Amino acid sequence: MRIDLTDTTASSINKALVQGRRSLGTPAVGMVLTMVVVTDEENAYDSIKASEEASHEHPSRTLVVIKRHPRTPRERTQPRLDAEVRIGSEAGTGETVVLRTYGEVSDHADSVVLPLLLPDAPVVVWWPVDAPDNPARDPLGALAQRRITDMYAVEHPLQALQTRVRSYAPGDTDLAWTRLTPWRSMLAAALDQARVKITAAAVESEAENPSAELLARWLGARLGVTVERVVTAGPVVTAVRLGTADGDIVIDRPEGPLATLSLPGQPSRSMALKVRPTSELIAEELRRLDADEMYAVALSGEATEETV
């Protein structure tokens with residue numbers, strides 16, 4: 001079911017949600033969180049699709065905030081809120097409300113979102129593009145337990161990484177870090193098997209890759225070695241090499257979904273290491289809503305007593 005509301009209010013949107021659930025016989029009690037997606041019109045379709053696919057694992061109310069750029073003098077001066085309420089098959093396993101804000105409403109989107117949050121449920125805010133420099137201090141970010149950004153969406157990702165270092169607060173995370181979960185798991189498994197001292201390390205990737213930079217900082221902090229950054233043709237992270245007295249531990253993925261794991265004194269083996277879609281990355285982030293201490297370590301490149 002889809003209900004369109006023009007020049008509306010948060011109260012009218014809540015009534016439309018109740019009306020839609022009654023018509024379909026769908027309760028709200030099965031939803032476990034509120035997902036707030038802050039995006040633009042150009043990226044709205046892909047963002048909504050990813051969040052709705054993630055809702056199959058985490059049933060949620062998804063609030064999509066699209067701040068519209070005024071096209072006429074009236075739109076610049078006249079505040080307005082339009083909404084599109086989706087329930088049932090139109091919204092994955094939860095509810096989706098697309099909020100288009102105009103004029104002064106765009107500057108106070110948090111006042112529109114606040115009445116629409118599920119009571120007594122966690123809040124997650126995701127900026128697919130144009131994330132604020134300090135997500136925790138953003139009016140919408142301040143409502144959330146988890147704040148998700150994506151350094152891949154900016155023109156200069158390594159500059160954005162340094163901004164994230166300066167503004168980090170518990171609850172922040174970035175999809176550039178989430179993309180590394182299979183790499184981190186495979187490296188941990190390799191080190192469990194090898195049981196040797198690491199004396200050197202290198203991360204190979206395309207230039208200006210934020211995931212590779214985070215991986216290098218994390219390895220440096222965890223292993224206590226200087227990690228070399230090697231630029232390749234990509235795509236994304238292509239290899240990690242860990243030097244030991246017995247030979248190199250290598251995970252090599254030049255292209256495709258398969259990587260080759262090589263350990264000193266053992267035959268090489270192939271392992272799955274695919275590039276995951278955004279919906280899988282979001283679903284992973286929604287599995288834990290506490291502070292991601294390892295992301296903080298990767299940002300700073302320094303291990304703390306709690307993470308050693």
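Start by selecting Val-36 and the residues it touches, leaving aside any up to four places away in sequence: Leu-63, Val-65, Val-113, Leu-117, Val-123, Val-124, Val-125 and Trp-126. Touching here means contact, with heavy atoms within 4.5 Å. This is a predicted model, where local features need pLDDT of at least 70, side-chain atom pairs count only at pLDDT 80 or more, and totals for chains, interfaces and linings use all residues. Residues are numbered from 1 along each chain as its sequence is written, and side-chain values use heavy atoms, with hydrogens and water left out.

Is Val-36 buried or exposed? Val-36 is buried, with a relative accessible area of 1% (buried means under 20%, exposed over 50%, partly exposed in between, using a 1.4 Å probe and protein chains only). Now show strand β2, residues 33–39, where Val-36 sits. Helices (H or I, at least four residues) and strands (E, at least two) are DSSP runs, numbered from the N terminus. Next, pick the C-alpha atoms of Val-36 and Ala-144: they're 8.8 Å apart, though 108 residues separate them along the chain.

Move on to helix α1, residues 10–24. Colour its buried residues: Ala-10, Ile-13, Ala-16, Leu-17, Gly-20 and Arg-21. They cover an arc of only 130° around the axis, so they lie on the same side of α1 (the arc is taken from the directions from the helix axis to the C-beta atoms). Those buried residues pack against β1 (2–5), β3 (60–67), β4 (80–87), β5 (95–102) and α5 (109–113). Turn to the other side of α1 for Lys-15 and Arg-22, which are exposed.

Last stop: Gly-25, which follows α1 and has a positive phi, near 70°.

Methods. Expected span 1.5 Å × (residues − 1).
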